[in-house]
Amino acid sequence: MANSIPPKVILKRVLRQLKGYGAEIALSVLFALITVAGNLLVPIFIGNAIDCIIAAGRVDFDKIYVYFALIGATVGVTAIAQWLLSFINNHITFSVVKNLRGQAFAHIQVLPLSYIDGHSYGDVVSRCIADVEQFADGLLLGFTQLFTGVLTILGTLVLMAIYNWIIALAVFFITPLSLFIARFISSRTYKLFKKTSAIRGEQTAFIEEMIGNLKVVKAFGREDENKSKFDDINGELTKASLSSIFYSSLTNPCTRFVNAIVYAAVALSGALTLIYPSVLPVAFGIGKLTTLLGYSNQYTKPFNEISEVITEFQNAIACAGRVYEFIDSPAQIPDSLGAATLENVNGNVEFCGVDFSYEEDKPLIKNLNIRAGAGKRIAIVGPTGCGKTTLINLLMRFYDPQSGSIMVDGKDTKEVTRKSLRKCYGMVLQDTWLKSGTVLENITMGKPSATREEAEQAARATFAHNFIIQLPNGYDTVIGEDGGNLSQGQKQLLCITRIMLCLPPMLILDEATSSIDTRTELKIQQAFRKLMEGRTSFIVAHRLSTIKEADLILAMKDGKILEQGTHEELMAKGGFYCNLYNSQFAS
Amino acid sequence: MKDLLKYLKNYKLQSVLAPLFKLLEASFELFIPLVVASVIDKINGFYGGAVSSGEATRYVLYMCLILVALGIVGLISAVSAQFFAAKAAVGFSKELRSDLFSKVQSLSYKDIDNLGTSAMITRMTSDVNQIQTGVNLVLRLFMRSPFIVFGAMIMAFVLNVTAGWVLAATIAVLFVVVFAIMIVTIPMYKKSQGYLDKVTASTRETLVGSRVVRAFCKEEEEIAENKRRNQRLYSAQKSVGAISALMNPLTYAIINVGIIALVYAGAIKVNTDPSFTQGQVVALYNYMSQILVELIKLANLIITVTKCFASADRVNEILVMQPSIIRGGAASPIPGAAFIEFDNVSMRYASGGACALENISFSVEKGQTIGVIGGTGSGKTTLVNLIPHFYDVCGGEVRINGVNVNSLSDEQLLSSCKIVPQHAVLFKGTIRDNLKWGNESATDDEIMEAVDCACAADVIGAKSGGLDEQVEQGGKNFSGGQRQRLTIARAMVGKPQILILDDSASALDYATDARLRKNLRTLDYSPTVFIVSQRTSSIRHADKILVLDSGRLVGVGTHDELLVTCGAYKEIYNLQYAGEGA
């Protein structure tokens, strides 16, 4: 997706996010100053100490001790400041990021379902997690290295100029070389790395595809074809990674080379000014030369760091942009201010002239009218992909109709709070979703106040009790992400139990089509039947028995309701439903 | 790791040259402090009046040229070293990956089950990358870093023994501190990564389950729970940050304490020994500053190498595997024998485990349609997988045309027997590419014939590109039902004698399922068809139905026969047709 927020705006927002950390940032700047000052002072003291060592019998130990004490004290203070600097920067970054992550997560809960359905989970997750992390890395690096790096470079140049302006001049003119080389290498490697990672991605996709489905590959004897294709990609990858690895590994030697040049320049100009001291206003000695040589050793380091920080920071801004874009995506329309709470529902559901479509230019449902009396069973039938879930989406207000209204007990559902509406429905979908947590936690999801006895009672009623107690820790067994080791049928039984415990007045049930073994299937059917007693139920139906027993059948195709009526009425009509019935069930 | 070294065989020269050039670069670097020391001593000589200004200037110029020359030679050596190291590492991983891919492809179904596909994939991708990085770094650094660290120490010893000891002690202390911090923080980083994974998982979970979360009005609770997880992650990140932030200040302090000791030792030496000069003290100071960077690199290298070894072990585990199935040579059919025969067949997946199939016997005539039915885990898929010898039996024999499948060749089995797997997968490429898996030389007409028969014509018709329509990875741009029909067509393109549909019509609606079965009956090459299903409607017209229950064959016969003789079959049928019977 294109990044639509301009970088400047993003930067402003990042700064706004840092507003609450004024004190911390001030401290961070203070400690950075202390650190840089210390880093620059120590070589001076060392140089002064070395100046006290002239020749045999000409060593001024008293002065040396003073310098040692100064070095010790400076190093101590600098080290502590350095640690505090990192500590504060960590604190700022991680708090900002924690809040951002929390904000993004909270936003998921208020996003309209259309956003969630319209974006891949991977995309949203990567915005909430990976992008936020990347942003954190950039922010941290920016804090710790950008400021100190700039200060170090400036400080070094100033001190060099004070001590020996000739040296400073020499260094100043060689500096662009370092920048130029760093830029050349990084732009070059960036392209190469991008290419390499694209090819690597292709290879990984191929491996995932072919090795992930190795059984099919073997069943069709495609090993040789795959091998030759793999070797092609592998060859390309080898070529690309050779150049990207090689070019990226040039950074260190090149930096060292520039360092060597700077070093030689300092040595040369320093030594010459020692031999011809007349041009310098300040006394220059061997100790000072040592100091400056020490500086030049650490001089190129901040340069590399800064160019690294800038790339990283650009990246971080782009990531922050994606996160903000996500957080800014419009939330669902909140419940209207005076929205009533739906209570003591009987279960009369009515669709009055409902128009609905997912995309504006593709009308789906037009002027739909359904009347489901309290306690009635409504079966929704149709071939796969006929849009049965659309009805569920409307009933639960996961989506709102464009016009018309859906009434529960005569109240327009738009006028009541979503929460109270949803609490009136019990929903069991075919793609069962369980939370990672214990079995008990999952069962009591709809009624957290339920006791263990109540939960067990509900599980007995849905025939889930037997398999639950066979699990390693019974009701306290932790089930992993997406149901873990439970079979599809067992998961569905748990979802039914979840509803059985809170017993809402209306139900939405989705019968499973396949892949459930027969005994479990039998239990699920019995459980469904028990659950439906006396409740208005909407059932996405596949079983003949369910359909025949329904009070109202909605026959759907391509997202539209073609016919509605009882089994007998629709059979007599001899239309779509009749055909469907004959092809599915008549032998 | 030792076993993998053979992949460097073709890159012997590079593997030797890379560290050699690095060594060269490092030795040049060690000269620099000596050059500077001599410059300083020369200037001191000039101050003392022993040297003229002209001579001193010439000397300084000369020495600075040497410094630049050392830099250039160092650069050239380093660049060559990086090149050879990259070449060797990349070549190494290319050959390793290629071998690994061949090896994995040669594994049998049983080996695949044992290893698990995700393990195979990580070994081929991240483990090989890890090894490549390790090889590259080792070639580059295992000579350089120790050489500089210990070279600087030796140079210090040469200049002055006391100073040498100071340097040695500093190196030892630095080593301990750097490693201690790394050893403490690595598990902490892992833990914090674990917390991050949990936050990721819960974000994913709340997205996938957004409908249920909202249905139960659990939004606030989800947020609260996420807050807790987020807080844990934050604390973990902060504490590991606090400890790893010790690295810089501590090493900085240690180095400077070392410098104080060094200057002090130098001062005493200069004071008493006229042959020891100020320049040499400066040289010692310079050596001290060289070691820190290299020491940290060395510590990182050791950690990378440890990881690389672990990856190498995992990769090697696969490379030494022997495929557990040995296919036979070509064998000719025995006239008069049944087409397919299971003779008292038993099979178990893991030795010592429960039998997946037990004492199964039945025979099939050419051209018959066979239904296989039973609950989940009853052994239906296992049974059909034995026909093309995807698994070895542990008792009895599976025979095709009277020949034990163990003695049939790969070619014979796979060309005559096509399977439509339970999980409908398509591969990246065009629809045509995918369908040609069944028969590489099939013409478009032959392909379309199979497509029609598999009721997939409308799938292709719905796509603007027709047979040239691109299939995305995993067939994501097709629905489950579309994929299933295409995989059925894929198997039929080869006009196999044996066609196995392993629960492959589950996503089809009943009408399409019925049409498909009708088409299969009227095929001109009249294949023997195995239909595995959970639905009685899919198999009720089969010539023979096999009813499986927990790995045992509990009924064989036609639909009508089984309704009378087989309780298990009747139970399934009644369940699915309860409404009709009532």
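Q: How do the domain bounds come about here, and what sort of model is it?
A: Domain bounds come from an automatic or database domain assignment. The model is predicted: local features need pLDDT of at least 70, side-chain atom pairs count only at pLDDT 80 or more, and totals for chains, interfaces and linings use all residues. Residues are numbered from 1 along each chain as its sequence is written, while chains are lettered from A and ligands numbered from 1 in the order in which they are written.

Q: Into which domains is chain A divided?
A: Domain 1 of chain A covers 7–328, and domain 2 covers 345–424 + 534–587.

Q: How far apart are the C-alpha centres of those two domains?
A: The centres of domain 1 and domain 2 of chain A lie 60 Å apart.

Q: What is the radius of gyration of chain A, beside that of a compact globule?
A: Chain A has 36 Å, whereas a compact globule of 587 residues would have a value near 25 Å. The radius is taken over C-alpha atoms, and the globule rule is 2.2 Å times the number of residues to the power 0.38. Along its principal axes the C-alpha trace of chain A spans about 120 × 60 × 50 Å.

Q: How many helices and strands does chain A have?
A: Chain A has 20 helices and 12 strands. Helices (H or I, at least four residues) and strands (E, at least two) are DSSP runs, numbered from the N terminus. The secondary structure of chain B likewise comes to 20 helices and 12 strands.

Q: Turning to the interface, how many residues of chain A are in contact with chain B?
A: On chain A, 118 residues are in contact with 122 residues of chain B; a contact requires C-beta atoms, placed from the backbone, within 7 Å. Helix H3 (residues 61–110) of chain A gives the largest share of the chain A side, 21 residues. That side divides into 65 nonpolar, 33 polar and 20 charged residues. Here Ala, Val, Leu, Ile, Met, Phe, Trp, Tyr, Cys and Pro count as nonpolar, Asp, Glu, Lys and Arg as charged, and the others, Gly among them, as polar.

Q: Which residues of helix H13 in chain B are buried?
A: In H13 (residues 444–453), B:Ile447, B:Ala450, B:Val451 and B:Cys453 are buried. Buried means that 20 or more other C-beta atoms lie within 10 Å of the residue's own, exposed that 12 or fewer do, and partly exposed is in between, with C-beta atoms placed from the backbone.

Q: Why do they line one face of the helix?
A: Seen down the axis of H13(B), the buried residues fall within an arc of 165 degrees, so they line one face; the arc is that of the directions from the helix axis to the C-beta atoms. On the other side, B:Asp444 and B:Asp445 are exposed.

Q: What do the buried residues pack against?
A: They pack against helices H12 (431–435), H14 (457–461), H15 (480–493) and H16 (510–521) of chain B.

Q: In what order do the 4 strands of the open sheet in chain A stand?
A: The order is S2-S1-S4-S5, with antiparallel pairing; two strands pair if DSSP finds at least two bridges between them. Strands S2 (365–372) and S5 (411–412) of chain A stand at the edges with a single partner strand each, so one side of each is left without a neighbour in the sheet.

Methods: Two residues are in contact if their C-beta atoms, placed from the backbone, lie within 7 Å.
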